[in-house]
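Here is a walk through a two-chain model for anyone meeting it for the first time. Have a look at the picture, then read on.

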Amino acid sequence: MSEPLKGVVVSHAGLAQSLVAAAESISGVTDALVPVSNEGCDGGSLQARIGGAIGAGPAVVFVDLPGGSCLTGAVRIARGQGRGVTVVTGVNLAMLLDFVFHRDATPAEAAERAREAGGRAIRVAPA
Amino acid sequence: MSVAAVRVDDRLIHGQVVVGWGQPLGLGFIALVDDGVRASDWEQDLYRMGVPPGIEAIFASLDEAARRYAEWERDPRVGLVLTGDIDTVGALAARVPSLHRVILGGLHHRPGRVERLRYVYLTEEEIAKLRALVAHGVEVSAQDVPTARAVPLAEFAR
C-alpha cells in the first residue's frame, strides 16, 4: 500500500496552526497535517516553506483564500510537482476532519472530496 | 478618480491589497506592473482568482504601464498601481512625471536585507534607490494598511 497523503495547510497569520491543532484534537490523528504560515514571507520564502512541508509528496495543499500569496505559492509548487500535489482553497475545519480519515485516494480525488466536505459544512443554522 | 496609490508589495495581488486597501478605497481597478506576470497567462489567471467582482485586474509590463499611466489617472474609477520591487517602481517613476508618491506595503526578508519595519526589509542598495526617488521629488513612505500611519522613509531608513 502506498504512503497516505499528506495535508499541508497554508494560511495568513496563525490560522493554519490553529486549524491543524483543532483537527488533531478532534480526530486524534496527529501525523496527517502540517501547518504553514505566510507570516514574514515574500513569495520565494513562502514557496520554500510550502515545498519543505510537502516533502516528496503526494499531498493536498489546503489554502485559506481563493487568491493571494498563499494560493500563489501553493500553485507554483503544485505546478512544479505535476500530479503529486493538488491545491484546494477555502480551507475549513470540516474539510480537514474529513481529509485525515480519507488519505488513500489520489491527490485530485482527495481534493475533490475535501471540497465537497467543506462545502457541506457551510449552512445557516436554524433559529 | 485616478490613481489613489502606487504600492510596492512583493506578494503582488493578495488579501491585504484586495481587502485592506480595496474595501476602504472602493477600488475599481488594480494595475499590476510586472513583466513576468504580464508574460504568463496562468499567473494572470491565478492573480485574477483573488480579485472580487467589481475590481478589474490589469496586467501591464513596465513599458505598457509607462504608456498607460495617464489613462489610468483619467479613469473615473479608483485605481491602485502595484509593483513587486523597488527597481520597477523606480523605473516607472522615472518615466511618469506625475507619479509623486510611493507606498511600501510589503517587502519581506531575503538574504542581505535588514528589517526596517515589521513588513519592510531592505538592503542598503535598495535604500539608496529609494533616497534617489525622494531626491527626484517622489514622497516615499511605508504603510501596510490604510488604518496604519504612513511612516516616512527617513524614519525607517537611517
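This is a predicted model: local features need pLDDT of at least 70, side-chain atom pairs count only at pLDDT 80 or more; totals for chains, interfaces and linings use all residues.

Residues are numbered from 1 along each chain as its sequence is written, while chains are lettered from A and ligands numbered from 1 in the order in which they are written.

**The two chains**

Chain A has 5 helices and 4 strands, and chain B has 7 helices and 9 strands. Helices (H or I, at least four residues) and strands (E, at least two) are DSSP runs, numbered from the N terminus. In chain B the radius of gyration is 15 Å, close to the 15 Å that the globule rule gives for 158 residues, so chain B is as compact as a globular protein of that length. The radius is taken over C-alpha atoms, and the rule is 2.2 Å times the number of residues to the power 0.38. Chain A, with 127 residues, has 14 Å, which agrees with the value near 14 Å for a compact globule.

Some further values are set out here. A residue is buried if 20 or more other C-beta atoms lie within 10 Å of its own, exposed if 12 or fewer, and partly exposed in between, with C-beta atoms placed from the backbone. A contact means that two such C-beta atoms lie within 7 Å.

| Property | Value |
|---|---|
| C-alpha trace of chain A along its principal axes | about 45 × 35 × 25 Å |
| C-alpha trace of chain B along its principal axes | about 40 × 30 × 30 Å |
| Buried residues in chain A | 46% of the 127 residues |
| Buried residues in chain B | 39% of the 158 residues |
| Contacts in chain A with a separation of 6 or more that join residues 24 or more positions apart | 67% |
| Contacts in chain B with a separation of 6 or more that join residues 24 or more positions apart | 71% |

**The sheet of chain A**

Read along the sequence, chain A goes β-α-β-α-β-α-β-α-α. Its open sheet of 4 strands has the order β2-β1-β3-β4, with parallel pairing. Out at the edges sit β2 (33-37) and β4 (85-89) of chain A, each pairing on one side only. On average, neighbouring strands of this sheet are turned by 20° against each other, direction ignored. Two strands pair if DSSP finds at least two bridges between them. Strand β1 (residues 6-11) and strand β3 (residues 59-63) of chain A have 5 bridges in the parallel sense; A:V8 has A:V61 as its bridge partner in β3(A).

Two helices lie against this sheet. Helix α1 (residues 15-27) of chain A touches β1 and β2 of chain A, and its direction makes about 160° with that of β2(A). Helix α3 (residues 69-80) of chain A touches β1, β3 and β4 of chain A, and makes about 160° with β4(A). For these angles, axes are lines fitted to C-alpha atoms, for helices over the stretch in contact, and angles run from 0 to 180 degrees between N-to-C directions.

**A closer look at α1(A)**

With 13 residues, α1(A) reaches 18 Å from its first C-alpha to its last, close to the 18 Å expected at 1.5 Å a residue. (The expected span is 1.5 Å times one less than the number of residues.) Which residues of α1(A) are buried? They are A:A16, A:L19, A:V20 and A:A23. Seen down the axis of α1(A), the buried residues fall within an arc of 95°, so they line one face of the helix. That arc is taken from the directions from the helix axis to the C-beta atoms. Their cover includes β1, β2 and α4 (93-99) of chain A. After α1(A) comes A:G28, with a positive phi near 80°.

**Two loop residues**

Most residues other than glycine have a negative phi. A:A13, in the loop between β1 and α1 of chain A, has a positive phi near 45°. B:L12, in the loop between β1 (2-9) and α1 (15-25) of chain B, has a positive phi near 55°. A:A13 is exposed, with 11 other C-beta atoms within 10 Å, whereas B:L12 is buried, with 25.

**Strand β4 of chain B**

In strand β4 (residues 78-83) of chain B, 5 of the 6 residues are buried. It runs parallel to β1(B), joined by 6 bridges, and B:R7 stands opposite B:L82 in β4(B). Strand β2 (residues 27-33) of chain B also runs parallel to β4(B), with 6 bridges, and there B:F29 stands opposite B:G79.

Key:
The expected span of a helix is 1.5 Å times one less than its number of residues.
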